[in-house]
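Hi,

Here is the structure I promised to pass on. Have a look at it first, then read my notes below.

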Amino acid sequence: MTSKNICVCSAQVPFVYGGTEILMDELVNRIRNRGHRVEPVRLPLQTQPHEELLKSCFAWRMINLDFVELEKIDLLICSRFPSYMAPHKNKVVWLNHQYRQIYDWYETPYSDFKTTSKDNEIRKALIELDQVSFQESRKIFSQSRTVAERLKHYNNVESELLFAPIADQDSFHFGELNDSILCVSRLSGNKRVHLLIEAMKYVSPRFRAVVVGEGYAEPELKKIATKAGLLDRIHFTGHISRSEVIHHYESAGAIFYGPLNEDYGLATIESFYAQKPVITCTDSGGVLEFVNDSNGWVVEPDPEMVGSAIEEAMSNKELARSKGKAGYHSISFLNWEDTLDRLLETL
C-alpha cells in the first residue's frame with residue numbers, strides 16, 4: 001500500500017492523561033507501523049465557563065487540515081468531542097462519546113448546564129455543530145452499542161459498531177486471586193465509586209477494597225469511608241504508574257466497575273485480559289455489552305446487592321477463577337488489525 005498522510009485528532013483536557021489519550025497514542029503507533037505517515041493533532045478542551053466550549057468547537061472548526069506545507073492530508077480520524085468538528089473531505093469519526101452534559105445528562109445532577117436562556121442558546125449551538133460535523137463525515141464508528149444508540153436517539157445519525165482494543169493487552173496476565181476487590185476509575189460522580197465504598201459494610205471484614213484513580217470526588221469518597229468506619233479497609237492509591245495499575249489487576253480477587261450508563265468502559269476489557277471477573281450494575285450501559293452472569297455479576301445499583309456479589313466473588317475463588325477465564329475468552333475477537341482495516345478503509 002502507498003504511504004498516506006493521516007492525522008489522528010483528539011481534544012485534550014490539560015494535565016489529564018487517561019484511557020482516551022492512551023488509546024489515541026496507540027492508534028497513532030499502529031497506523032505508523034503499517035507504513036503511513038501519521039501525526040497526532042490535539043487542541044486543549046476548556047469547559048468552563050460554557051462559552052469556552054464553543055471556542056473549543058470553533059478552534060477545531062477553523063483549523064485547516066487539508067494540507068500542511070502544501071502537502072495533502074489524506075485522512076482525518078477523529079474521536080473525542082469536539083475534535084470531530086474539524087472539516088475534511090475524508091473524515092472518519094471513531095466516537096467514544098459526545099458531550100453528554102447537553103444530551104443524556106442534561107437536567108440531571110451530572111450536567112452543569114442549567115435551563116437558563118444563555119445555557120439553552122449555547123446548548124442549541126453545540127448540538128447544531130454536532131449535526132453539521134456528523135453529516136459531513138465519510139464514516140462514523142461508535143465504540144459501543146450504547147454510544148451508537150445515543151447518537152441515533154439524540155442526533156438521528158447512524159453509525160457502525162467498532163469496539164476499541166486496549167493499547168497494552170499483551171502486558172496483562174493472571175497473577176492470583178487475593179482478598180481485595182479492585183476498582184480502577186476516574187473518581188467522579190457518574191462513576192459511582194461510592195457504591196463500592198458503601199457496599200463494604202456488607203462484606204466480611206477480612207476482605208478489602210483498592211481504589212485506583214483520582215478525581216474531584218475523592219475527598220467525598222474518603223468522607224463516606226470514614227463515616228462508615230471503613231477507611232482502614234479501603235485503600236485509595238491516587239495516581240500510580242501504568243505498571244502498578246496492571247499489577248493491581250493481576251492480583252485482585254475481582255473487579256468492581258459500576259458507572260451510570262457508561263459509554264464503553266476500558267476497565268472492563270482490562271479486567272478480562274487479567275482474567276478477572278467483573279461486578280457491575282444493571283444500568284451501567286456499555287459495560288453490559290461485555291459483562292454477564294458467565295463472566296461476572298450484574299446487580300442492581302444498591303450497596304447491599306453489590307456487597308453480596310463481592311462476598312461471593314471473594315469467598316468462592318473457584319467460581320471467580322472460572323468467571324475470569326470466561327471473560328478473557330469472551331473478548332478474543334478484539335484486535336488491532338481488524339480495527340485498523342475499518343478505520344483506514346476510506347483511503
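**Aromatic pairs and cysteines**

Y273 counts as buried, because its relative accessibility is 8% and the cut-off for buried is under 20%. Keep in mind as you read that this is a predicted model.

Let's begin with two tryptophans. The ring centres of W94 and W336 are 6.5 Å apart and the planes meet at 80 degrees, so this pair is edge-to-face. W94 sits in strand β6 (residues 91-95) and W336 in helix α11 (residues 336-343), so the pair links distant parts of the chain, 242 residues apart. Are these two buried or exposed? W94 is buried, with a relative accessible area of 0%, and W336 is buried too, at 3%.

Now back to Y273, whose partner is Y328. Their ring centres are 6.5 Å apart with the planes at 75 degrees, so this pair is also edge-to-face. Y273 belongs to helix α8 (residues 266-273) and Y328 to helix α10 (residues 317-330), so the pair ties together parts that are 55 residues apart in sequence. While Y273 is buried, Y328 is partly exposed, with a relative accessible area of 36%.

There's a cluster to look for as well: ring pairs link F81, Y84, Y99, F113 and F134.

R321 lies over the face of F174, 3.6 Å from the ring centre. The charged end of K323 is over the ring of W297, at 4.7 Å from its centre.

Which of its residues are buried? They are V245, I246, Y249, E250 and S251. The buried residues of α7 pack against strands β9 (180-184), β10 (208-212) and β12 (254-256), and against helix α8, the helix that holds Y273.

Last, the cysteines. A disulfide is a covalent bond between the sulfur atoms of two cysteines. How many disulfides does a search of the whole structure find? It finds 0. C57 is in no disulfide, and the nearest cysteine sulfur, that of C78, is 13 Å away. C57 is buried, with a relative accessible area of 0%.

Cheers

Notes. Residues are numbered from 1 along each chain as its sequence is written. This is a predicted model: local features need pLDDT of at least 70, side-chain atom pairs count only at pLDDT 80 or more; totals for chains, interfaces and linings use all residues. Side-chain values use heavy atoms; hydrogens and water are left out. Rings of Phe, Tyr and Trp (its six-membered ring) pair if their centres lie within 6.5 Å; planes under 30 degrees apart count as stacked, over 60 as edge-to-face and the rest as tilted. Helices (H or I, at least four residues) and strands (E, at least two) are DSSP runs, numbered from the N terminus. Buried means under 20% relative accessible area, exposed over 50%, partly exposed in between (1.4 Å probe, protein chains only). A charge sits over a ring if NZ of Lys or CZ of Arg is within 6 Å of the ring centre and within 35 degrees of the ring normal. Contact means heavy atoms within 4.5 Å. A disulfide is a pair of cysteine sulfur atoms within 2.5 Å.
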